[in-house]
Amino acid sequence: MSLRVLVIEDEPEIADYLVRGLREEGLVVEHAADGHDARARLRAGPWDVVLLDWWLPGPDGATVLRAYRADGGTAPVLFLTARDAIPDRVRGLDAGADDYLCKPFAFDELLARVRALARRGPTGGGTTLSVAGVTVDLATRTAHREGKRLALTTKEEALLIFFLRHPDEVLSRTRIYEHVWDERYDGCSNSLEVHVVELRRKLEVHGPRLIHTLRGRGYRFGAADDPA
């Protein structure tokens, strides 16, 4: 659940290690394997933290980062690289990185830095999502409605975060499933429906319905029923 992290790494073994490890910690993770894909995924954000390798096919990490910052991207960025010379570190920080970790690294240290960057939040922003009285703090992994704490499972929290990122949008089952479950929706599983029912129940203890089912279309998160 919780934090949304983009891993930009071209080495398959390292990328798999990072993606699997972060997902096991409850984070929502996507992966880009080259500079061009990285640019596209960065634009498709928002991201809470970006892990960026220096050497990439296509535009390198520093070039990708400069372009991201020039476009107004504010997510904290952690450079991952084997280049540990001071001039290289300075170049990475000057390109817009927030932190720097040299390979090889311990996963526990990486995770601690990711969480620290998330607490710091984006430039000019924070790590709190709030819609219609429902709030999720992405750094502390706490959710509230009208000030009342919500006891959510990891998947329920990830689902709620996705809804909060897309208020009043009609979200298809396929779109929700592929973003929250990180896999393709096969059209048969009822896992999404089960989690929606339970999340809806927990939210409605503290107020009126916010998750609306739109027959044949999906779901919408907002304060009033969809007029259509």
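# Exercises on helix α5 and its surroundings

The buried residues of helix α5 pack against β1 (4–8), α1 (12–24), β3 (49–53), β4 (77–81) and β5 (99–102); packing here is judged by contact, that is, heavy atoms within 4.5 Å. This is a predicted model, in which local features need pLDDT of at least 70, side-chain atom pairs count only at pLDDT 80 or more, and totals for chains, interfaces and linings use all residues. Residues are numbered from 1 along each chain as its sequence is written, and side-chain values use heavy atoms, with hydrogens and water left out.

**Exercise 1. Which residues of α5 are buried, and how are they placed around the helix axis?**

Step 1. Helices (H or I, at least four residues) and strands (E, at least two) are DSSP runs, numbered from the N terminus. Buried means under 20% relative accessible area, exposed over 50%, and partly exposed in between, with a 1.4 Å probe and protein chains only.

Step 2. List the residues. Phe107, Leu110, Leu111, Val114, Leu117 and Ala118 are buried in α5.

Step 3. Look down the axis. The buried residues of α5 fall within an arc of 125°, so they line one face of the helix. The arc is taken from the directions from the helix axis to the C-beta atoms.

Step 4. Turn to the other side. There, Asp108, Arg119 and Arg120 of α5 are exposed.

**Exercise 2. What span should α5 have at 1.5 Å a residue?**

Step 1. Take the rule. The expected span is 1.5 Å times one less than the number of residues in the helix.

Step 2. Apply the rule. Helix α5 covers residues 107–120, which is 14 residues, so it should span 20 Å.

Step 3. Compare with the model. The end C-alpha atoms of α5 are 20 Å apart, which agrees.

**Exercise 3. Which residues of α7 are buried, and what covers them?**

Step 1. The buried residues in α7 are Ile176, Tyr177 and Val180.

Step 2. These residues cover an arc of only 95° around the axis, which puts them on the same side of α7.

Step 3. Their cover includes α6, α8 and β11 (218–221).

**Exercise 4. Is Lys202 buried or exposed?**

Step 1. Locate the residue. Lys202 belongs to helix α8 (residues 191–204).

Step 2. Check its accessibility. Lys202 counts as buried because its relative accessibility is 16%.

Step 3. Find its contacts. With neighbours within four places in sequence left aside, Lys202 touches Leu150, Ala151, Leu152, Thr153 and Glu156.

Step 4. Arg43, in helix α2 (residues 35–43), is exposed, with a relative accessible area of 63%.

**Exercise 5. Where does the backbone have a cis peptide bond, and which non-glycine residues have a positive phi?**

Step 1. Most residues other than glycine have a negative phi, and most peptide bonds are trans.

Step 2. Find the cis bond. Lys103 and Pro104 are joined by a cis peptide bond, with omega at about -5°. Pro104 sits in the loop between β5 and α5.

Step 3. Find the positive phi values. Ala132 has a phi of about 50° and lies in the loop between β6 (128–131) and β7 (134–137). Asp168 has a phi near 65° and lies in the loop between α6 and α7.
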